[in-house]
Amino acid sequence: SAGVGMVLSTMATKSIEEVATRCNQFPDSLRWFQLYIHKDRGLTRALVEKAYKAGYKALCLTVDAPVLGQRERDKRNEFTLPLDLHLANLATISGLDISHEKGESGLFTYFAQQLNPAVTWHDLEWLQSLSPLPLVIKGILHPDDAVRAVEYGAKAIVVSNHGGRQLDGAIASLDALTEIVAAVDGKVEVLLDGGIRRGTDILKALALGAKAVLIGRPILWGLAVAGQIGVSHVISLLQDELNVAMALSGCTKLQD
């Protein structure tokens, strides 16, 4: 309803179809599907086909999580899903779910058992053969990788360090942005993910060459506090702050 795009996770607890049905009241809404490549190629193919059939506009392939990072807090907390939540798409297609039993982090166990750690650039060609959906590569931090992604058919790149949760000490997304924008030289659009907390953060990303930004944690904070109203409030805050930051910087339009 805010006119903001959404990327639905492979690990979502609501199905591809259910989210699409809710969004169909907004025919111009921008919906992408975030994809992890599983060891079961048939499962990955099924996810892509479901997303295409349900009207999602692009596949957003996460490439910076061949294995899960050392998320020590998750391990200490023995993170798992509440009993009433399930991986909606994976449980339906292949009976897969994050373990509800205490012990190791349920997410860590799932990644180790189910996701393919040996994905290569050639898998991008395979993915593009499954549907007409454009491929967005998320998790690029180096100009050479950005150029390679373009060579293998990516239509956009998301500069991201996975919220700082994968490799400790990795470069910040914003610090990697300028060189990546220069490297792709306008061949594809470049987006930025990670650390967007204020409208001034959006202004900085746009000024350094990003076409748009993605927002993760603030949306979840708003959701936790006040549900849909909370999410709407977070989006409004960021939009209002961006407008003020633009005005105070002498920018009358985004192109400035």
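Before you start: residues are numbered from 1 along each chain as its sequence is written, and side-chain values use heavy atoms, with hydrogens and water left out. In this predicted model, local features need pLDDT of at least 70 and side-chain atom pairs count only at pLDDT 80 or more, while totals for chains, interfaces and linings use all residues.

**Exercise 1. The whole chain**

Work out how many helices and strands the protein has, and how its radius of gyration compares with the globule rule.

*Solution.* Start with the elements, taken as DSSP runs numbered from the N terminus (helices are H or I, at least four residues; strands are E, at least two). The protein has 10 helices and seven strands. Next, take the radius of gyration over C-alpha atoms; the globule rule is 2.2 Å times the number of residues to the power 0.38. The radius is 18 Å, close to the 18 Å that the rule gives for 256 residues, so the protein is as compact as a globular protein of that length. Finally, the C-alpha trace spans about 55 × 45 × 40 Å along its principal axes.

**Exercise 2. Strand 2 and its partner**

Find which residues of strand 2 point one way and which the other way, and say how strand 1 runs beside strand 2.

*Solution.* First, a reminder: in a regular strand the side chains alternate between the two faces of the sheet. In strand 2, Arg-31, Phe-33 and Leu-35 point one way, and Trp-32 and Gln-34 the other way. Then check the cover, where buried means under 20% relative accessible area, exposed over 50%, and partly exposed in between (1.4 Å probe, protein chains only). Five of the five residues in strand 2 (31-35) are buried. Last, look at the pairing, which requires at least two DSSP bridges between two strands. Strand 1 (residues 6-8) runs parallel to strand 2, and three bridges join them. Within this pair, Met-6 stands opposite Arg-31.

**Exercise 3. Two aspartates**

Is Asp-123 buried or exposed, and where does Asp-256 lie?

*Solution.* Asp-123 sits in helix 6 (residues 122-128). Its relative accessibility is 8%, so Asp-123 counts as buried. Leaving out residues up to four places away in sequence, Asp-123 touches Ile-37, Arg-41 and Ala-118 (contact means heavy atoms within 4.5 Å). Now turn to Asp-256, in the segment after helix 10 (217-248). At 48% relative accessibility, Asp-256 counts as partly exposed. Asp-256 and Ala-207 are 49 residues apart in sequence, and their C-alpha atoms are 8.2 Å apart in space.
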